[in-house]
Amino acid sequence: MVFNWFRRQFNEKNDQNQEPETEVKSEPLQVEQPAETADISEEKPQISEDYLQWAKAAYKNIQKQQQLEPEVEPEVELEVEQTVLTQETQELETAVETPVETIAVEETEPEPEAVLESIPPAPGAPGAPGAPGAPGAPGASGAPPAPPASGALPTPPAPFWAASTTERQTRLERLKETAIEPEPETSESASGEAGMVFDEVFMWSAQVLADQGRRPDQVALEEITWLQKLWKALGRTRRNLLNQLKAIVGQGPLNQQAVDEIESMLLQADVGVAATDRVIAALQDKLRQEALPPEQAIAYLKQILREILEEPFSQGYPINFAPEKDTLNIWLVTGVNGAGKTTTIGKIAHLAQKSGYRCLIAAGDTFRAAAVDQVKVWGERTGVEVVANPGKNTDPAAVVYDAIEAARSRNTELLIIDTAGRLQNKKNLMEELNKIRRVIDKRAPSAKIQSLLVLDSTLGQNGLRQAEVFSEVAQLSGVVLTKLDGTAKGGVALAIVQQLGLPIRFIGVGESIEDLRPFSSYEFIEALLSG
């Protein structure tokens, strides 16, 4: 079965042209240890026992899914291990053999008599007492040595070079037995799932999925893995927020002083002035009606933040953001250089392919240096064909024209177009995007068109100005928030939605090809304020 990430469900059947899905390889699920001085218990989400049976059922179903995955043939693994071992020990084996050959040559070369007389023979060397060929030594006359008599001296030790060679060979064998061989580098998408641990994070993930109305048999292992990554990515912001929140609400019911402290806390988390004012106004209205105990205060704060993230849906934006099957969907991706636009295109293409869609990429950013080459690299990595013009400074609209023709001939379901990210002149950017739109309307009038803006979450409030400019010149359908990998403050998602009125469609939490997924406001807020 193929898990459709855009619709968060398993497809009933796999497309004939689509390769079987391979699970994501990840580390076992473990609770992240806080990097700062915080209570360890705060990093273990509190789970109600009511979800235990649901989590157990989901765990068993995921195990069945893993058993159905095709196993890797052991012959491939053995060949890789032998290659790695040979590369590691080649130099050491050469070092062992070389001294033996050198010393053997030196033995055959006669030394001057003067030197031999002045230098006493080494133990075991020719001419030494007890050595073969020496006076009184066994075999001196050329006859085979006689067996030692009772009480005779023990057999003389082996030559020093032979002992040294034997010792090195012994060390080499010991190294082969105890060496830790590095695993071959493989992409996560081509690897099997390493396993899962039924720990606090798994239970928290199960509760989050159950609260969204999911059944245990509808859950994929990739969802559990993704929620773990989201939990870790928001760890720094979560620790800061929860530490301050618990210090505030732990003193008793909320009062005006506590609300003022929450306002400062939200501003420090990059929530933004507009979103913070809205949260504080809602808290003050609630306080006028009733006093909020600590648990209810945090629950009510979660509710307010979710309402902010979901408000664009009430303004006409569709809740579901997924390509339609058996039709051409065209997604324009824009954003300033350095925001992760090209990387996002590759990750979305990979995600769409895994979800059962036939994809194609158009390298429409023809002005930025190496942009086309970068898109081609991602196309090779994800196995998605890239339509590009080999010339320099070519017309992006011409590339889009060729890509649409290729998409129609290949029965493509999702065409992702990389567009320019220049902000130096808004007029040129607007003209370029309008020209691309005209080409799409002419060559694919029935296509489902979406426009995504990629924003770097590490820029915080500085990235909002970029978003405002793009929203003026492009008909945006949503935002892709990238690089939310611990260095950024998660509150910037609320500022973007509140100030721009655009929904967040995807969120990226790392550099791996599997670290970008469709955005869920419920999962985001739970990962931000659960402890």
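Helix axes are lines fitted to C-alpha atoms over the stretch in contact, and angles between them run from 0 to 180 degrees between N-to-C directions. By that convention, helix 5 (residues 200-211) and helix 17 (residues 521-529) pack at about 145°, with axes 10 Å apart. The model is predicted: local features need pLDDT of at least 70, side-chain atom pairs count only at pLDDT 80 or more, and totals for chains, interfaces and linings use all residues. Residues are numbered from 1 along each chain as its sequence is written, and side-chain values use heavy atoms, with hydrogens and water left out.

**Overall architecture**

- The protein has 17 helices and ten strands, where helices (H or I, at least four residues) and strands (E, at least two) are DSSP runs numbered from the N terminus.
- Of the 531 residues, 46% are buried; buried denotes under 20% relative accessible area, exposed over 50%, and partly exposed the range in between, with a 1.4 Å probe and protein chains only.
- Among contacts (heavy atoms within 4.5 Å) between residues at least 6 apart in sequence, 80% join residues at least 24 apart.

**Packing of helix 17**

- Helix 5 and helix 17 cross in a right-handed manner; a crossing is left-handed if the near helix is turned anticlockwise from the far one by less than a right angle, and right-handed if clockwise.
- On the helix 5 side, Trp 204, Val 208, Leu 209 and Asp 211 meet Tyr 522, Glu 523, Glu 526 and Ala 527 of helix 17.
- The residues of this contact between helix 5 and helix 17 comprise five nonpolar, no polar and three charged; Ala, Val, Leu, Ile, Met, Phe, Trp, Tyr, Cys and Pro count as nonpolar, Asp, Glu, Lys and Arg as charged, and the others, Gly among them, as polar.
- Helix 10 and helix 17 pack at an angle of about 140°, their axes being 10 Å apart, and their crossing is right-handed.
- Helix 10 contributes Ile 298, Leu 301, Lys 302, Leu 305, Arg 306, Leu 309 and Glu 310 to that contact, while helix 17 contributes Ser 521, Tyr 522, Phe 524, Ile 525, Glu 526 and Leu 529.
- The contact of helix 10 with helix 17 has eight nonpolar, one polar and four charged residues.

- Four cavities of 30 Å³ or more are found in the whole structure; on a 1 Å grid over the protein atoms alone, a cavity is a set of points where a 1.4 Å probe fits but cannot get out, and its lining residues have an atom within 4 Å of a point.
- The largest cavity holds about 50 Å³ of space, a volume being the space filled by probe spheres set on the grid points, which are joined across faces, edges and corners.
- Its lining consists of Thr 237, Leu 241, Met 265, Leu 266, Ala 269, Val 271, Leu 301, Leu 305, Gly 491, Leu 528 and Leu 529.
- Helix 7 (235-249), helix 8 (256-268), helix 10 (294-310) and helix 17 each supply at least two residues of the lining of the largest cavity.

- Seven of the nine residues of helix 16 (residues 492-500) are buried, namely Val 492, Ala 493, Leu 494, Ala 495, Ile 496, Val 497 and Leu 500.
- Leu 494, in helix 16, counts as buried because its relative accessibility is 1%.
- Beyond its neighbours within four places in sequence, Leu 494 is in contact with Val 271, Ala 275, Leu 305, Ile 308 and Leu 309.
- The C-alpha atoms of Leu 494 and Gly 272 are separated by 7.6 Å, although these residues are 222 residues apart along the chain.
- Just after helix 16, Gly 501 takes a positive phi of about 70°.
- Ile 504, in strand 9 (residues 504-508), is buried with a relative accessible area of 5%.
- Not counting residues up to four places away in sequence, Ile 504 touches Val 479, Leu 481, Ala 493, Val 497 and Phe 519.

**Loop residues**

- Asp 270, in the loop between helix 8 and helix 9 (273-289), has a positive phi of about 70° although it is not a glycine.
- Asp 270 is buried, at a relative accessible area of 17%.
- Asn 411 and Thr 412 both lie in the loop between helix 13 (396-409) and strand 6 (414-418).
- Asn 411, also not a glycine, has a positive phi of about 55° and is partly exposed at 48% relative accessibility.
- Thr 412, by contrast, is buried with a relative accessible area of 7%.

Methods
1 Å grid on protein atoms, 1.4 Å probe; cavity = no way out; pocket = protein on both sides within 12 Å on 5 of 7 lines; lining within 4 Å.
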